[in-house]
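Hi,

Here is the structure I promised to pass on. Have a look at it first, and then read my notes below.

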Amino acid sequence: MQRAYKYLFGPVPSRRLGRSLGVDLTPFKTCTLNCVFCQLGRTTHKTVARKEYVPVKNVKAELARWVKESGKADYITLSGSGEPTLHSRFGDVLSFIRERTPFSAVLLSNGTLFWISEVRKAACQAEIVKLSLSAWNQDSFDHINRPHAGLKFGQMMDGYRAFRDEFQGKLWIEVFLLWGMNSIPRDVEKIAKLTESIKPDAIHLNTAVRPPAEDFAVPVPRKQMEAMAGLFHPRAKIIAEYSSNKTAEIAANETTIMAMLRRRPCTARQIADVFGMHLNEVAKYLGKLTRTGAVHVQEKGHEAYYAR
Ligand code: SF4
């Protein structure tokens, strides 16, 4: 099956955003971080170099075509398989979504480049910006997010606070908690204090419910997550999808993936290629299917294969 779009994927059902059309502005795993919990595996191209990784002209053309073909979504989101703010013209894409489509523009970023004023200015074109914060100092940042050597935690926090002062839209902070790494109350309190200093509109708590880059990235059980949510001001909302979200579309996609895995074990990439889906989309379904025990993971060489 040929993929109809090169830079767009979905719309993907999202707990935070309803139906979200994704826009991917970087090659696979081109990121400033190499988070131990990354659902896309280890970062293969860790960089802080900002450039036009994919031609903005082509991305805009695909967006215009998708709108013309009566595409339906609740939001259009810059996300995908790397860090979108590494793209030197991501602000142009956000402006295009705002001005030339009827949908709201969302930016999902790890926030590491927000100390650069040009990045903050471009991000102001979004209606909603989600930034990540799972550490409380340079050591925990190095341990959990494994940043590019040029990135400093304190500088990143200054960037977050400066952005809050400049940004009129909705700012969300996502905190990713991992059992034994940043989940004891004393550490969560430090993250909560930093989060409060950024004055976000909402705080989202997530954990490793989908297969992570590293086996030692263990999810925090729901009960503990609920206790941690109360340490944040405003109170954090748990967005980790522990239980099933039964929309007809999800069920349909799960059934097709299951039918394929019944025939032979496949990697996430193989499933994505066969169905013309984005890897993020596939990871979402596989996460749920592995959690419920419907499929299991087999390691072969350096590859993870999913099987019935
Ligand atoms: S979780 Fe996001 S920020 Fe972290 S390595 Fe993966 S893509 Fe990059």
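Let's start with the rings: the count comes to 5 aromatic pairs, where rings of Phe, Tyr and Trp (its six-membered ring) pair if their centres lie within 6.5 Å. One of them is Trp 66 with Phe 103, 5.5 Å centre to centre and with 55 degrees between the planes, which makes the pair tilted (planes under 30 degrees apart are stacked, over 60 edge-to-face, the rest tilted). This pair links distant parts of the chain, 37 residues apart: Trp 66 is in helix α1 (residues 56-68), and Phe 103 is in the loop between α2 (90-100) and β6 (104-108). Helices (H or I, at least four residues) and strands (E, at least two) are DSSP runs, numbered from the N terminus. Trp 66 is buried, at 7% relative accessible area, and Phe 103 is buried too, at 14%. Buried means under 20%, exposed over 50%, and partly exposed in between (1.4 Å probe, protein chains only).

Another tilted pair is Phe 141 with Phe 153, again with 5.5 Å between centres and 55 degrees between planes. Phe 141 sits in helix α4 (residues 138-144) and Phe 153 in helix α5 (residues 153-166), so the pair ties together parts 12 residues apart in sequence. Both Phe 141 and Phe 153 are buried.

Before you go further, remember that this is a predicted model: local features need pLDDT of at least 70, side-chain atom pairs count only at pLDDT 80 or more, and totals for chains, interfaces and linings use all residues. Residues are numbered from 1 along each chain as its sequence is written, and side-chain values use heavy atoms, with hydrogens and water left out.

Now for the charges. How many salt bridges are there? The count is 13, a salt bridge being a side-chain nitrogen of Lys or Arg within 4 Å of a carboxyl oxygen of Asp or Glu. In one of them, Glu 214 meets Arg 42 at 2.7 Å, N to O. Glu 214 is in the loop between β9 (202-207) and α7 (222-229) and Arg 42 in the loop between β3 (30-31) and β4 (45-46), so this bridge ties together parts 172 residues apart in sequence. Glu 214 is buried, at 6% relative accessibility, whereas Arg 42 is exposed, at 52%.

Arg 222 and Glu 226 form a salt bridge as well, with their closest N and O atoms 3.2 Å apart. Both lie in helix α7, 4 residues apart, about one turn of the helix.

Cheers
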